[in-house]
Amino acid sequence: MHRLKPSLLPSLLDPLLAHGFHRPSLKISLGILLDKPGKPSYNSPFSFRVIVLLRTLCKIFERVVASRLSAQAVTCSLIHPLQCGCLCGRSTADATLVLRHNVESFYRLRYKGSTLFLDVKGDFDNVESPSLHSLRRRKGASPYLVQWVGSFLRDLTGRLTLQESPCTFAPVSVGVPQGSSISRLLFVIYVSSRHLDIPRSLIVSYVEEFAVTVASPSYRINIRILQKSFSALKRKASPINISFSVPKTELMH
């Protein structure tokens, strides 16, 4: 369609973006339930993940906004410098190289390094729209992008595609849609201030995963430092309803 008439999509999307408005018809979604692998029982709703299916036009629009917002996220310091996800030119390979470089630097100083790997629990479900909106406004992002994201997060509707489930759409007021191209970016903006400043340490994050690396003369001291750091991270994350999954936590020396 775009090849036949290149002006069609810009003519539809540009006015909406200029006015910071996301049409209600583009906020309707279908939820597909996927079971989380390795669960001992599937009798609990927490053993499943809801993936949101969106209209094609909505996906195109969100990709355009995500591209613009990711560029501003760097220039306006909306994202921590050691966040390696959802940004052009930052990948898992970058996160790995940063971690390896710092660990080898610790070794050259004759320190022992230890890393605690953390995974945010219920990541996208806990993002609060008012907090996200105030953060973007305070950091100085473009007003039309701030306004559009606020419109995007309001009045979402959806339904689950299950047998015998209601065919009517219901309001969705929890977090950001999982499966949306812009949701991951909004999440890393939301948690950008959760990084800590710890002497002889490094915190690298990739979307909802955090790696806290510390160095000292012994592994025993590292464990004590990591325990304090983890407690500080939990206290810092609690006001924005962010917690960490204990079963997914790993320690590496």
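This is a predicted model: local features need pLDDT of at least 70, side-chain atom pairs count only at pLDDT 80 or more; totals for chains, interfaces and linings use all residues.
1. Ala-95, Leu-99, Val-103, Ser-105 and Phe-106 are the buried residues of H3. They fall within an arc of only 155 degrees around the axis, and therefore sit on the same side of H3. An α-helix has 3.6 residues a turn, so residues three or four places apart point the same way.

2. What does that side face? The buried residues of H3 pack against E3, strand E6 (201–206) and strand E7 (209–216). On the face turned away from the buried side, H3 carries the exposed residues Leu-97, Arg-100 and Arg-108. After the helix comes Arg-110, with a positive phi near 65 degrees.

3. The salt bridges deserve a separate look. Side chains of opposite charge can pair when their charged atoms come close. With a cut-off of 4 Å between a side-chain nitrogen of Lys or Arg and a carboxyl oxygen of Asp or Glu, the count comes to two salt bridges.

4. One of them lies within H3. Arg-100 and Glu-104 form a salt bridge through their side chains, at 3.0 Å from N to O. The two residues are four apart in helix H3 (residues 92–108), so about one helical turn separates them. Arg-100 is exposed, with a relative accessible area of 56%, whereas Glu-104 is partly exposed at 35% relative accessibility.

5. The other salt bridge joins Asp-119 to Lys-248, with the closest N and O atoms 3.9 Å apart. This pair links distant parts of the chain: Asp-119 belongs to strand E3 (residues 112–121), and Lys-248 to the loop between strand E8 (243–244) and strand E9 (250–252), 129 residues apart. Asp-119 is buried, with a relative accessible area of 11%; Lys-248 is partly exposed, at 46%. The N to O value of 3.9 Å may be set against the cut-off of within 4 Å when this pair is judged.

6. The loop that holds Lys-248 also contains Ser-245. Is Ser-245 buried or exposed? Its relative accessibility is 12%, so Ser-245 counts as buried. Leaving aside residues up to four places away in sequence, Ser-245 touches Asp-119 and Lys-121.

7. Seven of its 10 residues are buried, so E3 is largely enclosed by the rest of the structure. E3 is also among the strands against which the buried residues of H3 pack.

8. With which strands does E3 pair? E3 and E7 pair in the antiparallel sense over eight bridges, and within this pairing Leu-116 has Val-212 of E7 as its bridge partner. E7, like E3, is packed against by the buried residues of H3.

9. E3 also pairs with E9, again in the antiparallel sense, over three bridges; here Phe-117 has Glu-250 of E9 as its bridge partner. E3 and E8 run antiparallel and are joined by two bridges, with Val-120 standing opposite Phe-244 in E8.

Definitions and conventions. Residues are numbered from 1 along each chain as its sequence is written. Side-chain values use heavy atoms; hydrogens and water are left out. Buried means under 20% relative accessible area, exposed over 50%, partly exposed in between (1.4 Å probe, protein chains only). The arc is that of the directions from the helix axis to the C-beta atoms. Contact means heavy atoms within 4.5 Å. Two strands pair if DSSP finds at least two bridges between them.
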